[in-house]
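Dear colleague,

I am passing on to you the structure we spoke about, and I would be glad if you could look through it with the notes below beside you. The sequence and the structure come first, and what was found follows.

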Amino acid sequence: MTTPNRLAVLSCAALVATTAAGCASVEKVAGGGGNETITMGTTSVTSVLDPAGAYDAGSWLILNNTFQSLLSFPSGATEPQPDAAESCQFTSADALTYTCKLRGGLKFSNGHPLTAQDVKFSIDRVKKIDDPSGPASLLSTIASVETSGDRDITFHLDSPDAVLPAKLASAAGSIVDHQVFPADKLLGNGSLVGSGPYRIDSVEMDGKAPSKVLLSANSGYQGTAKLQNGKFAVRYFDKPEELKSALDSGAVDLTDNSLDPGAAAQIKSDDLAGTGKLRVAEGASGETRYLVFNTKDETGGNQAVRQAAAQLVDRKAISHDVYAGTVQPLYSIVPAGVAGHTTAFFDKYGEPDPAKAKRILTNAHVATPVKLTLTWSRARAGAAELESVKQQLENGGLFQVTVQQEPDWTAFQAGWKNGGYQAYTVGWTPDYSDADDYISPLVVGGGAFHNGWDNPQISGKLVPDSIKLTDRSGGGAYDQIQKILADAVPMVPLFQNKSFYVYQPAITGVDSTVDSSGVFRFWEIGRTAK
């Protein structure tokens, strides 16, 4: 999913029968501030919370805690496990039929029963609405869904899809109440009903975007989560410095990887020295950031221009000088730590080299300096990230870069979808734990970034062939795809984040929810007794 600023890999075990170990209703910690609201701050803003239209980090942060899917990634899991389902499995030798049986007695937070009809309705609805900002592409291999009684669901696929269980475990597989959600349009943010550990009590809006979401324990929840708090709130901030002030004042209890890099580095240093007032939890992350080219634009559509840019970008400088070591250089579309990752861009371009970039442009008869407008909306390092990229591209006089900001995230999304930018920087948070999630959603048919690029070999053969494989250890097709992308350069990988959470000393459980799945589990977070 896109992010203004989320990895282990599925094994073939995801393809065999998966059976729930048990079911527990919601539990709260006795004492210890269990009913005192815990507030999380983030700059991962969003606009839409309806699962059919939500496809960014800010919205999925909420959906992963308020809706159930058939499957989910429990803490520490590297493959999806039953959630609303009692069991799921592929039931045909050609891997074109996937069946699930629901747990009995499931209900939505409004008391309506959750049945197989709701599952079918939810999947059909995402595909029917097909919102340009939504996750419909993740469900593209599902040809039809049929039900039998209240608990049995069968998915018929039009092509084998070994990562379907992981896709269903994402927020794209959120089960909605067919009695509440319209079948052909999105539901307003204030009317959402799910069956997850929390219910949405209220959504405070700032214009078209939520500014605060208030949650409370869903007393009717049937699942494995054991809540360590009774109330949870998420506050959305426009600027990292505003979030830092709220953290310092105690108005916010914890934050995700949203702080200014310099401030984050200082907090970490103080925590390690035992002199800080805040605590830090770190871990691996699959979050990535890219410089994306609009390939329908005359300049962005020139492969030589894109290759020259790839030859000039200095990822080490961005990581060290701009982000104070809180990110690491990324040399492929698929990040390090994900099976199938290669260093395709480093293999092709090596270290930044203006002389090589000049030869690329000269051989393609491209006049210099190349005038390029680079648009951004949000970044943890603010304008410093874009100024660094600008300076790198202008090294040697090969580019003349104009940097512009569109601070409104919704307007920024609309701008790239409409082809309004030549080049732009965007982050990506994985939807499911597999290399495919950096390929299928990003580079097939223009992808989630709507950059207009497609490659028939990738979209017509390599992707369909790769998602058939029950062995998700990478190699083969993924190596080939990454080489093609390094040569074509529809986007330049810049860096991947490290999970970095800051929290007040009284807050507990942050370490247990920081894992490679990218799912932040509100229910793990508690507060020590005063």
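Please keep in mind that this is a predicted model, in which the average pLDDT of the protein is 90 and 93% of the residues score at least 70.

Two pairs of helices are described here. Two packed helices are described by the angle between their axes and the distance between the axes.

The crossing of α13 and α14 is left-handed. On the α13 side, Gln457, Ile458, Leu462, Val463 and Ser466 take part, and they meet Ala477, Tyr478, Gln480, Ile481, Ile484 and Leu485 in α14. Sorted by class, this contact of α13 with α14 has eight nonpolar and three polar residues, and no charged residues.

In the other pair, helix α7 (residues 315-322) and helix α10 (residues 383-393) cross at roughly 145 degrees, with axes that come within 10 Å. The crossing of α7 and α10 is right-handed. Here Ala317, Ile318 and Val322 in α7 meet Ala384, Glu385, Ser388, Val389 and Gln392 in α10, and by class the contact of α7 with α10 has five nonpolar, two polar and one charged residues.

Conventions. Residues are numbered from 1 along each chain as its sequence is written. This is a predicted model: local features need pLDDT of at least 70, side-chain atom pairs count only at pLDDT 80 or more; totals for chains, interfaces and linings use all residues. Side-chain values use heavy atoms; hydrogens and water are left out. A crossing is left-handed if the near helix is turned anticlockwise from the far one by less than a right angle, and right-handed if clockwise. Helices (H or I, at least four residues) and strands (E, at least two) are DSSP runs, numbered from the N terminus. Contact means heavy atoms within 4.5 Å. Ala, Val, Leu, Ile, Met, Phe, Trp, Tyr, Cys and Pro count as nonpolar, Asp, Glu, Lys and Arg as charged, and the others, Gly among them, as polar. pLDDT is the predictor's confidence in each residue, from 0 to 100. Axes are lines fitted to C-alpha atoms, for helices over the stretch in contact, and angles run from 0 to 180 degrees between N-to-C directions.
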